[in-house]
Amino acid sequence: MIMIFQCLRRKSGFISFVSGLRSHYHKMEHSRFKRYFTNPWKEGTVGSETDFTLDADTGVTRIKEMINLISSKRPAVTKDGEGGLYVGIGGIAYMYYYLSQSPLFASEKDQFIEKGLEYVRAAFLYTHQSVPVKQAEECAFLLGPAGIYATAAALHHAKGSPLEAEQFCQLYVSLSSICTPVDFLACGGDELLVGRAGFLCGALWLEKVFGSPVVPISDLHKVCQTIIISGRCYAQRTKSQCPLMYAYYGTEYLGAAHGLSGILQMLLSVPGFIQSDASIERDVRTSIDYILSTQSAEGNFPFATEEVRFKTRQPEDEMVHWCHGAPGVVYLMAKAYILWQEDRYLQSCIRCADIVWDKGLLKKGPGICHGVAGNAYVFLTLYRLTQDEMYLDKARQFASFLFCEEFLTCSRSPDSPFSLFEGIAGTACFINDVLQPSSASFPFMNIF
């Protein structure tokens, strides 16, 4: 094991966030420290040396190193199913599925599918044998059983096991009736990680996997209608400035993970829904414009409405993460631009990329939720949206930073260093996407 770490340290610089040691910085108040590294490629700064050359052979080698480390340090053990796709072993199963579909790993395809099935079986056992699952909690996509069902269906489909794939698809379909009642979750049932938006996200992903709808479109529209009713009722009750508003555990989040932008993105993505009713399209569009109005001159977005009202966070302490901030809201604005072709949404995306370039080399680690890889996906999205090579260059530069000595020495270790959203399982997906930018997409967030 020491030899593996030495190899990774020498070749790629991942030792700092896979060693399992928690930096003392991680336990201190974040606002006392700068959240990000200075971008070495910005004009007027000194360059950062890295031995990472992003050609296909080198990228594939680094991905394989990450995979080997994950399999040795986080095996498919049922007790590690907690956290679902987000930080549990279910997310590792997704990584194996995702990479099995990559042309870069054609010779490893069958092996990756089998490994993915090994992980997803353990995750499934956790959700159904290790802990009792309440019916409402079964609908959680990123943090619960729903995401495991979807990933299992995809892996069995990839293996060529239609009966097993269909069984998991039907498990997923059955969840739509559970999450349709407005108050099915007391904490707030509309957001992405555990709520209705997550259910829609998984259904849309399954449609891409299978090439046709898995959840009937009529069922998806019912879930969307519930989201609209929920958002209108809450907004009226709280006299919100926005026609659709939601709260999760009492906080009116605006970002992708728990907030308004993630919910609206899913409503835009369900085929035909917002076009089905002029009042729905009006409220959705007005809500998107409300979020747009909160974007700062630098390009970031507040994490919740309380920041809009009270300006509680200083610029040096703002969150530039997928979960909270521009790196997550960018997908909503890009989807709005694709749908309505209005330049203001494209300009918002460009400003999102600007703030990520300035403050996106996060010290929190390599992950896709609140790490360097997740922020770099913004550039891959802008590249696909505009075909401007500048954004692809920026994505490659962020990728190279993951392997440099500065990141090795000074980045913090995530709580779940091998996981999909916090750790190197998501980083492996990102490196694969940098090598294949024409099809790149943040996991489960393909807006194209």
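On this tour, contact (or touching) means heavy atoms within 4.5 Å. This is a predicted model, where local features need pLDDT of at least 70 and side-chain atom pairs count only at pLDDT 80 or more, while totals for chains, interfaces and linings use all residues. Residues are numbered from 1 along each chain as its sequence is written, and side-chain values use heavy atoms, leaving out hydrogens and water.

**Stop 1: the annotated trio.** Select Cys323, Cys369 and His370, which an unreviewed UniProt entry lists under "binding site". UniProt positions are given here in the numbering used on this tour, with feature names shortened, and such annotations may be inferred rather than shown by experiment. The three are spread over 48 residues of sequence, yet they cluster in space, with a largest C-alpha distance of 6.7 Å.

Zoom in on Cys323, in the loop between α14 (305-310) and α15 (326-340). Helices here are DSSP runs (H or I, at least four residues), numbered from the N terminus. Is Cys323 buried or exposed? Buried, at 7% relative accessible area; the cut-offs are under 20% for buried, over 50% for exposed and partly exposed in between, using a 1.4 Å probe and protein chains only. Leaving out residues up to four places away in sequence, Cys323 touches Gly255, Ala256, Ala257, Cys369 and His370.

Now hop to His370, in the loop between α16 (343-359) and α17 (372-386). His370 is buried as well, at 16%. Beyond four places in sequence, its contacts include Tyr86, His321, Cys323 and Glu422.

**Stop 2: Arg196.** Pick Arg196 in helix α10 (residues 196-210). How accessible is Arg196? Its relative accessibility is 0%, so it counts as buried. Among the residues it touches, again skipping those up to four places away, are Cys179, Asp190, Glu191 and Ser230.

**Stop 3: the cysteines.** Cys139 is buried at 0%, whereas Cys233 is partly exposed at 41%.

**Stop 4: the core.** Finish with the largest nonpolar core, which has 159 residues; such a core is a set of buried Ala, Val, Leu, Ile, Met, Phe, Trp, Tyr and Cys residues joined through side-chain atoms within 4.5 Å. Those with the most contacts inside it are Met95, Tyr172, Val284, Ile288, Trp322, Met333 and Phe430. Domain 1 (41-73 + 361-447) and domain 2 (78-180) both give residues to this core, so it lies between them. The domain bounds come from an automatic or database assignment.

Technical notes. Helix = DSSP H or I, 4+ residues; strand = E, 2+ residues; numbered from the N terminus.
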